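Hi,

Here is the structure I said I would pass on.

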Amino acid sequence: MNALRRPVAAALSAVAIMLGCTGVANAQAASYPQDRVTLTVAFAAGGFVDSFARIIAQELSTKWGKPVTVENKAGAGGNTAAAIVANAKPDGLNLLVTSTAIAINETLYKQRDYSLGQLVPISISVSSPETIATHPSNPGDLKDYLAWAKDREITFATAGVGSGSHIAAEYFLRKLARTPATHVPFRGGALSVQAALGNQVDMVASSFGVIPQVTEGKLKGLAVASETRVSAMPDVPTYTEKGFPFVAESWVAVLAPAKTPADIVEKINTDIGEILARKDVQEKLVGMGYQLHKRNVAEVSVYLQDEVNKWGEMVRTIGVSVE
Amino acid sequence: MSLLNKGGDGIHPVIRSPQNFVAGAFLIVAAAFVVWMLSGLSQGTLRTMGPAMVPRWTAVGIGLGGAVLVVLSFLKEGEALERWHLRGPIFVLASLVIFAATIRSVGFLVAAPLSMLTAGFGSREVRPLELVIFTVAMTVFCAVVFRVLLNQPLPMLVLPALSIQF
Amino acid sequence: MDFLQNLVHGVGVALSPVNVLLCFAGCMLGTLIGVLPGIGPIATIAILLPLTFGLDPTAALIMLAGIYYGAQYGGSTASILLNIPGESSAVVTALDGHEMARQGRAGAALGISAIGSFVAGTIATVVIAALASPLASLALVFGPAEYFALMLTGLAFAVLLARGSVFKAIIMILIGILLSTIGPDLTTGQLRLTFGAVWLADGIEIALLGMGLFGIAEVFRSLEHGEARQVRQTRIGSLLPSREELRASARPILRGTLLGSILGILPGNGAVLAPYASYTLEKKLARQPGRFGRGAIEGVAGPESANNAGAQTSFIPLLTLGIPPNAVMALMVGAMTIHGIVPGPQIMTKMPDLFWGLIASMWMGNLMLLIINLPLVGLWVKLLNVPYRLMFVGIVIFCCIGVYSINSEPADILIMAALAVFGYALSKFNFEPAPLTLGFVLGRMMEENLRQALMISRGSFLTFVERPIAAFFIVLAIVMLAVGILPSIRRGRDEVFVD
């Protein structure tokens, strides 16, 4: 029995080793991808990060001729998905699509099941500035609004504790404007916008979520935290124009396990860049209030590190933390 | 002589509604456990509630409800404990555990047949041959529907030793 | 009438052969996927979403709407036939629907569900066309205080939902609320009751509750009795509801439609209450409330209509305010985003084709459902001829796949297993799981809205009295509770019938 089994096992493992070797040898950008690529999305289906992932998944799969599937792994503010991809095989077939959360959580969360060093950023190409808006019956100019807010301790709604909108707005109100305010967290950006539409809260902090409301005049935009005004709502001034030099943007990032071959990372970066350079794709994203950025892999890496530092500073200033 | 036994030999049992007694006791224990688990969280005040406020007082409510059931069980005639049939639940639970344990590590093509074959024996009327045929057919059907037609992220076969993963 | 003109325009858009075909295909696929046990509407839409990528936006949305209705109806089918509700509204349908199926009246239950949905869909379509924008702004007066009060009323409904002991129903509601608090606290981000486990860190999915507490627990119960408990084959000739059953259902359908239409408009997911509210209302109005829970057709007709009307009018906050009131609508936002459409107030003015086409296709979708499903009723009922010793194996594997497809998380299957044991124990101790589900669905929303309301009012409880709508609902809740509790106190003891 044993005598028979051993050669078979040996042969099998030889085959396995050969298969494994060819797998490694072929892991070159030219032949990438050889198999189905999975985009693990850090948030539930339906949000912007998910939509972005689905748009590029479809385009990449046409481009590569291999299926690119989207797998939603919401949980722990994006950390669940990050941990999965951080520990996945670094063959370029497992990619993470997440948001500013990946930078914020470095400081916000006391503990995580991964470290940012286990991941390599591939692309950060779309962003939308954090915006504050209020019901049209309230003062619509930032200066007037702050004066009005001084003696009433305003309430402001956001998508939740530790969301980029929460951190940016609280940082602005407390550190820059020195205006006392009560944070009212909602479950998701849409409900926070709803509370402002009904004038239940004095202010809402959100990113692209308020743009349709502001363009329609249902809400008044007070300020956007970007360098220049947003083309979708040109009437809303930047914080800088109003005397508060403050930039905070939410973005979508694509990352891979850290040991993924560099040429594959390059290739994905280039391919996503090409997709986002297409006019029809651009129109969709810009229409939603997103700004597009062309960055190569090195620039993406630097940008992510800057963002980790910047958000970290804000998180520490307002003193918020999550388990 | 059991406390819970509504014996027919003329002895009046102390507990007149065993069902309520056991349910109530369970609720009290469960509620106490929850309150203990919440001990590390702040309750806040009624005006500014902390994270523990709602769960803690809900648990207290459940515990009180359990206490009422226990008291009632001494006062009011009620039903005897129902029999638990264990064969079905044991096989089905085993099949769920098998599926959960193998879906990621070995994949659907192994997980599904294993768990279906296990579950099938939960029925007293199980016919092994029929079950095997059904299992094979269902596995193929589900693989085709979910993986091929619907493109769901359901790992089909994972054999790390042979570098197989699809 | 302006809206009629618009609606005609919309029908013109929706009636293009391509769109009719897509709507049909969407309904069909939605039904076929949605009927798989364990796959709820959200999962169905997410699964089928990629099919719509290649289409132009209007066509894609029409197809998605078709998928949504199909999935909802498919879900009802699964919960009627096999008692596997994949979402909270199907829990209500299963109460009497599955009971009817066990009595050999599966065809009637499925039929009335299709007919009720169609009537509700038709009326709700007109409501949307005529009143979408004024209603949407009205709904904005609902703030956290109002939502809290509304949810409280909803819980009072749940007390009446139970067919047995009111006291036990209250305990069940509390357990539901407690289960809903598992996971991160919205206000502070602190984790509660998670045992430090990662897979509990985001709470329990409602689908797990439905499949565990109802689906698998039902399997446990059925296995006790072997083939004897199997759903009986339908007698020939009774595939569709009889004339009397139709007559009995007419008013429940209309009342359900009214309730569903109103609650669906609320951007804070009021629609979730609709089927529960309708069931309670019908039970209260019935001459023999005792029939409910034992196969009363009104208990299927009302909630199904309410659910479908609510599903339809929940498009109002999405299309007019850009606020998705529930997870399904959030998915619709995602779908629109992929097509470059930003949902919001501008849709109606800037894309009239899309807006009115979508509304007209809602009605068409409901018509398709009727056309597709009345013939399918026979097929579904035939499915019940599969011997139970094999059927339950299928149920188990579908539940596994369904649960796994939500989050790709094997631990979720274990949570479902634990809930199944709990559900089996509940039936052994004469507790009913339905009030627990409502407590679970409303518990989290209630806590969040309560705390938000108090933050906004700076800690003053007077906000619930000063705001008239909130005050109205709180009074209503107290009245409902009294109506629920008093009779059983008067009777002196609870009825404890068990089947």
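Predicted model: local features only at pLDDT ≥ 70, side-chain atom pairs only at ≥ 80, totals over all residues.

Chain A first. Strand β3(A), residues 94–99, is mostly covered, with six of its six residues buried. In general, the side chains of a regular strand alternate between the two faces of the sheet. Here both faces are covered: A:N94, A:L96 and A:T98 are buried on one side, and A:L95, A:V97 and A:S99 are buried on the other. As for its neighbours, β3(A) runs parallel to β1(A) (residues 37–41), and four bridges join the two. One pairing to look up there is A:T38, whose bridge partner in β3(A) is A:N94. Another four bridges link β3(A) to β10(A) (residues 249–257), this time antiparallel. In that pair, A:L96 has A:L255 as its bridge partner.

Next, where B meets C. Chain B puts 51 residues into the contact and chain C puts in 48. On the chain B side, the elements giving two or more residues are α1 (18–37), α2 (53–75), α3 (87–102), α4 (108–120) and α5 (128–149). Which of them gives the most? That is α3(B), with nine residues. By type, the chain B side divides into 32 nonpolar, 13 polar and six charged residues.

Now chain C. Helix α3(C), residues 41–48, has eight of its eight residues buried, so it is largely enclosed by the rest of the structure. Those are C:P41, C:I42, C:A43, C:T44, C:I45, C:A46, C:I47 and C:L48. They pack against α2 (17–34), α4 (57–82), α14 (327–338) and α17 of chain C.

Helix α17(C) (residues 388–407) packs with α18(C) (residues 410–428) at an angle of about 130°, and their axes are 8 Å apart. An angle like that makes α17(C) oblique to α18(C). The crossing of α17(C) and α18(C) is right-handed. If you want to display the contact, select C:C399, C:C400, C:V403, C:Y404, C:I406 and C:N407 in α17(C), which meet C:P410, C:D412, C:I413 and C:M416 in α18(C). The residues of this contact divide into eight nonpolar, one polar and one charged.

Cheers

Key. Residues numbered from 1 in each chain as written. Chains lettered and ligands numbered in written order. Axes fitted to C-alpha atoms, helices over the stretch in contact; angles between N-to-C directions. Parallel < 35°, antiparallel > 145°, perpendicular 65-115°, else oblique. Left-handed = near helix turned anticlockwise from the far one by under 90°. Contact = placed C-beta atoms within 7 Å. Nonpolar A, V, L, I, M, F, W, Y, C, P; charged D, E, K, R; others polar. Buried ≥ 20, exposed ≤ 12 C-beta atoms within 10 Å, placed from the backbone. Pairing = 2+ DSSP bridges.
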